Amino acid sequence: MIDMDEATKHQLYFKIDNRKRNFPPFAIEFMDSLDEELSLSTQLEYAKDLTLFFEYLIRKKWTDRLAIFQLAIEDMKEITEDDIRDFMEYLNEYEKEFLTVGGNRTVQTFSNKERGKERKRVCLDKFFQYLLEHHGLRKNPIEHIHIEVEKYKLKPFLTESQLDQLCSYASFTPYNRFWGERNRLILRLLAYTGIRISELVNLNLSNVLLDEKMLVITRKNGEEDYVPIPSSIQPTMERYIKQRLEIKKVKKEHKDALFLSQRYRRMDPKSIRKMIKKAATEAGIPFPVTPHTFRLTYGIKTYMETRDLEVTSLLLGNQSKDTARNILTQAIQRTSSE
């Protein structure tokens, strides 16, 4: 079993507490009641959803309030089913203003489809049920609201034998063995780390820490993350790095790029997709294979090994996005049928 490290737990606790500081007392009580029931990452999602709901209330219903901590339990007792439906409508598209690190104000637009709305509905249902039981609410205003959510369609993922076939065909480059070694490493990295193609193409030689057996990945949000180099591909990585360092005719601006194209430039996502498609066709894989197929494969296999949604989501480097939920949902559907 893979355990969540203390640093990750501390980070999640900090983010949750940071949200709770702005909450009215009854909302803090509700969040505290979730400690033993929900995982930390789910608690953080609930804190985010409540923040959005409270901000909506002071923006649309109680405009005289300056901050969400000024909301009172009496306000919650006045909320009707129509208020909740209006909130769900609001979630279709709304704007939020942020203050950047440089001190500039910026406005960002957000939207939710049925799946995002359903997650928020579940949070609010639990919240109002708590108020019903502990703070004298007479009725749960969300009780009769239901959102139809289309079930995830199961997508195919690669078996070990299919991955071996892919690597075999991708590594067959009669003119230069180096390009074959490159292709094999790319496929193994995608399958055994779950990193995105954008994260892979941006890898530099300096991001490969061979002694520590780690990769330094820049995630979509710009944050750095450390991803272990699986023991099964360490020899391939070491062999590739040795050959890569021997190449001298790399374009100056691509000197540190880990993966090079045959024009000695940093590989782009299009080239990798083309390589994957060609190898999948030649290997006779009976379904379309894309970079996301490897991410799905990693997510499902990790969950099957750990049976831990929180750990799997964290290892995917994506705690709350729909992509991670899709992967985990498919993993659960598969494992529940075993």
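Q: Which backbone nitrogen does the side chain of aspartate 83 reach?
A: In this predicted model, the side chain of aspartate 83 reaches the backbone nitrogen of threonine 80, at 2.9 Å.

Q: Where does aspartate 83 lie?
A: Aspartate 83 lies in helix H5, which covers residues 81-90.

Q: Is aspartate 83 buried or exposed?
A: Buried. Its relative accessibility is 15%, and buried means under 20%.

Q: Leaving aside neighbours within four places in sequence, what is aspartate 83 in contact with?
A: With those neighbours left out, aspartate 83 is in contact with Tyr56, Lys61 and Glu78.

Q: How do H3 and H5 pack?
A: H3 and H5 pack at an angle of about 105°. Their axes are 11 Å apart.

Q: What do we call that arrangement of H3 and H5?
A: H3 and H5 are roughly perpendicular to each other. That label covers angles of 65 to 115 degrees.

Q: Which residues of H3 and H5 meet?
A: H3 brings Leu52, Phe53, Tyr56, Arg59 and Lys60. H5 brings Asp83, Ile84, Asp86, Phe87 and Tyr90. By class, this contact of H3 with H5 has six nonpolar, no polar and four charged residues.

Q: New topic. How do H2 and H3 pack?
A: Helix H2 is residues 25-32 and helix H3 is residues 40-60. They pack at an angle of about 160°, with their axes 11 Å apart.

Q: Is the crossing of H2 and H3 left-handed or right-handed?
A: The crossing of H2 and H3 is right-handed.

Q: Which residues meet there, in H2 and H3?
A: From H2, they are Phe26, Ala27, Phe30 and Met31. From H3, they are Gln43, Tyr46, Ala47, Leu50 and Phe54. The residues of this contact of H2 with H3 divide into eight nonpolar, one polar and no charged.

Q: Now H7 and H11. What is their angle?
A: Helix H7 (residues 160-170) and helix H11 (residues 269-283) pack at about 110°. Their axes are 8 Å apart. H7 and H11 are therefore roughly perpendicular to each other. Their crossing is right-handed.

Q: Which residues make the contact of H7 and H11?
A: H7 gives Gln165, Leu166, Tyr169 and Ala170. H11 gives Met275, Ile276, Ala279, Ala280, Glu282 and Ala283.

Q: How many of them are nonpolar, polar and charged?
A: The contact of H7 with H11 has eight nonpolar, one polar and one charged residues.

Terms used: Residues numbered from 1 in each chain as written. Predicted model: local features only at pLDDT ≥ 70, side-chain atom pairs only at ≥ 80, totals over all residues. Heavy atoms only, no water. Axes fitted to C-alpha atoms, helices over the stretch in contact; angles between N-to-C directions. Helix = DSSP H or I, 4+ residues; strand = E, 2+ residues; numbered from the N terminus. Left-handed = near helix turned anticlockwise from the far one by under 90°. Contact = heavy atoms within 4.5 Å. Nonpolar A, V, L, I, M, F, W, Y, C, P; charged D, E, K, R; others polar. Buried < 20%, exposed > 50% of the residue type's maximum accessible area, 1.4 Å probe, protein only. Polar contact = N/O pair within 3.5 Å; in protein donor to acceptor, adjacent residues only side chain to side chain. Parallel < 35°, antiparallel > 145°, perpendicular 65-115°, else oblique.
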